[in-house]
Amino acid sequence: MKHLTQNLRTGETSLQEVPPPIIQPGHVLIQTHKSLISPGTENALIGFSKANPFQKARLAPDKFWFAYQKAKSNGLFPTIRNISQRLDQPIPLGYCNVGRVVEIGEGVEDIQIGDRVVSNGPHAEMVLVPRNLVAKIPSDVPEQTAVFTVMASIALNAIRLIAPSLGETVVVIGLGLIGMLTAELLKISGCNVIGMETNEERLNVAISRGFAALNPDLLNPEHYVADLTNGFGADAVIIATTSQSDQILSLATNISRKRGKIILIGTADLRLRRSDFYEKELTFQVSSSYGPGRYDPDYEQKGADYPQAYVRWTENRNLQAVLNLMSNGSFDPSYLTGEILPLADFRNAYAKLNDQKHIAVILDYPETCSATRSIPLFQRCFSGTKGVIGIVGAGHYTSATLLPLLKNASMKHIVSANGLSAASLAQKYYIAYFGTDYHDIINDPEVDLVIITTRHNLHSQMACEAIKAGKHVFVEKPMAIYENELNALVDVFQHENPANVSVTVGFNRRFSCHIQKMKDLLGDAQMNISVSVNAGFVPQNSWIHSREVGGGRILGEACHFIDLISFLAGSRIVSVCMNAMGQDPTETTDNAIITLKCENGSTGVVNYFSNGHIDYPKERVEVHACGRNLILDNFKTLRGYGFKHFSSFKTSQDKGHQKAFESLLDFVKNGGKPPIPFEEVINTTEASLAALESLKQKTWISI
């Protein structure tokens with residue numbers, strides 16, 4: 001199928017061939033009929049991608065500052081590489097989609113195959129969308145009209161924030177697509193609408209629709225609004241334009257009445273002048289997309305709804321409200337359509353929007369599209385080759401860490417949930433096939449090693465299937481996020497492992513040259529080990545914090561350091577106690593102290609904190625044994641105290657990734673001992689799960 005994408009590094013807009021997404025629980029798979037280009041959002045994205053690095057920094061100063069801080073901590077060149085890799089990933093364009101349902105995920109009961117629906121799916125021939133972002137189209141609403149629903153919902157949400165009364169005057173600054181939709185919905189609400197626009201063609205469209213409208217470059221907007229409101233001023237102002245200047249917001253305050261409301265839909269400089277707001281007691285608010293529920297993973301991804309009595313208008317109910325207005329004839333924005341062009345003519349479509357002669361351009365899709373789940377990209381022969389790899393997951397770890405280390409390996413497959421990231425990485429790293437169904441990897445007899453880098457809740461299930469198929473498995477930590485998952489995996493490994501294959505988890509730090517040096521220096525001595533991790537802040541709505549999906553940062557990240565302590569001590573962990581900050585910490589805490597006891601008498605502590613400063617180094621390892629000390633700072637500098645022939649060792653940062661994968665590939669090709677013994681992988685996972693249980697029970701947990 002075809003998918004329209006934007007590369008933020010090169011600025012290239014392209015129509016890529018990608019496999020259709022795999023249906024997921026709570027989701028709907030839709031074959032697209034039409035999609036509407038969002039002029040503001042999409043042109044801004046394309047403009048950003050074509051800017052040079054200095055312009056990008058100016059357009060996204062918050063991200064530039066974060067990158068600067070990371071460079072101070074991790075070094076300039078690693079940070080530049082990281083940013084370049086992130087920007088080089090193609091991202092989908094578009095979010096106004098109309099199509100027909102072709103498949104329904106588990107748990108979706110009120111939508112049927114064959115239903116016509118609107119969604120916020122991108123410009124792609126097939127889209128996978130969570131149920132709460134899908135609404136059925138009434139039978140009497142044409143698709144050419146319905147395609148405006150999502151954009152109109154953005155306008156409707158802004159209007160709900162001002163809660164206008166019948167007869168009030170509302171000024172709309174900017175009469176592009178979103179501005180005109182806002183004006184039309186305000187008119188339906190019984191408001192007097194005044195539009196402001198500098199583009200004469202758009203101004204004429206507004207006037208032809210019966211709106212009072214002016215060009216603020218030609219007429220004084222304050223005088224104009226004052227004349228139409230008997231000197232009172234606008235009851236509310238909705239800013240529906242894009243500007244880097246603070247003059248737009250200043251204009252809005254000047255034309256508002258005392259105690260008026262200002263709502264921002266577009267983008268504007270938000271340097272507020274206290275005097276503007278103080279004298280009139282104005283209210284200012286930024287409208288968030290389609291309405292309540294937006295960016296809430298429980299609502300959008302898990303399908304949880306808000307009680308209607310308390311949240312009358314969610315984003316889905318806003319979509320339905322717009323469609324109902326279309327159905328009863330109150331609202332028909334199809335007159336805004338400049339042209340309807342085939343998807344393949346997307347370059348012409350964007351050009352027409354850029355010349356500002358068209359307010360809206362619709363993309364039309366072919367009646368049929370390819371549904372091939374695995375797409376060949378390069379002709380390569382793998383017959384008789386040892387160490388053939390299939391990769392499940394194409395996120396940041398895969399693109400930034402894994403693939404640069406495997407570029408000379410025999411990579412046959414890469415799959416991802418949406419197919420887009422897999423397609424990009426397959427092209428970049430010469431991978432023969434890309435797709436969306438991981439079973440294509442598991443069922444391929446030529447694949448020797450399955451590498452799993454998906455979200456954590458899928459690790460154990462996929463690993464079990466790969467083991468049963470006789471594949472070696474590498475799982476990017478953790479191995480499992482629940483005890484029953486771990487038990488099931490161990491059972492499969494021990495009893496349903498036809499080829500006696502191995503399972504390795506991405507505990508790479510034990511392979512660092514610094515850790516190997518520490519191991520040589522320490523020998524078999526009993527030791528006290530302290531690991532401090534300045535983990536950094538991760539927003540609470542991130543999937544990593546979800547117990548059901550990411551398992552939390554202790555399971556997903558701190559497990560690295562539990563493994564490291566076990567490796568340095570040369571002994572399995574036998575008991576765990578974890579304490580966490582706060583009166584009632586949860587399993588997904590990321591501020592915790594984990595105390596470990598090893599079978600050989602050694603002890604360890606992992607201080608895993610997310611509340612430190614970004615300038616402070618991320619990781620520090622201290623070992624105290626037999627009157628000697630080893631201090632490792634950020635996997636760059638190792639210092640020794642009390643050793644006769646060792647004082648310090650310094651390298652560029654080495655967290656062991658390269659050596660870990662070299663060892664793994666050598667084992668898969670030539671046999672011998674696996675890079676990490678299976679029993680050690682299990683022990684680390686058990687200790688990580690025990691840490692959460694310890695927090696719950698407030699006591700030591702034996703393993």
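Start by selecting Y299: this residue is buried, with a relative accessible area of 1% (buried means under 20%, exposed over 50% and partly exposed in between, using a 1.4 Å probe and protein chains only). You're looking at a predicted model, where local features need pLDDT of at least 70, side-chain atom pairs count only at pLDDT 80 or more, and totals for chains, interfaces and linings use all residues. Residues are numbered from 1 along each chain as its sequence is written, and side-chain values use heavy atoms, with hydrogens and water left out.

The structure holds 6 aromatic pairs (Phe, Tyr or Trp rings, taking the six-membered ring of Trp, with centres within 6.5 Å; planes under 30 degrees apart are stacked, over 60 edge-to-face, the rest tilted). Y299 and Y306 have ring centres 5.2 Å apart and planes at 35 degrees, so this pair is tilted.

Next, select F493 and F678. Their rings are stacked, with 3.7 Å between centres and 20 degrees between planes. F493 sits in helix α19 (residues 483-495) and F678 in helix α23 (residues 678-697), 185 residues apart (helices are DSSP runs of H or I, at least four residues, numbered from the N terminus). Both F493 and F678 are buried.

Hop over to R274: its charged end sits over the ring of Y278, 4.4 Å from the centre (that takes NZ of Lys or CZ of Arg within 6 Å of the ring centre and within 35 degrees of the ring normal).

Last stop: I414. Leaving aside neighbours within four places in sequence, its contacts (heavy atoms within 4.5 Å) include I391, L403 and F434.

Note on methods: Helices (H or I, at least four residues) and strands (E, at least two) are DSSP runs, numbered from the N terminus.
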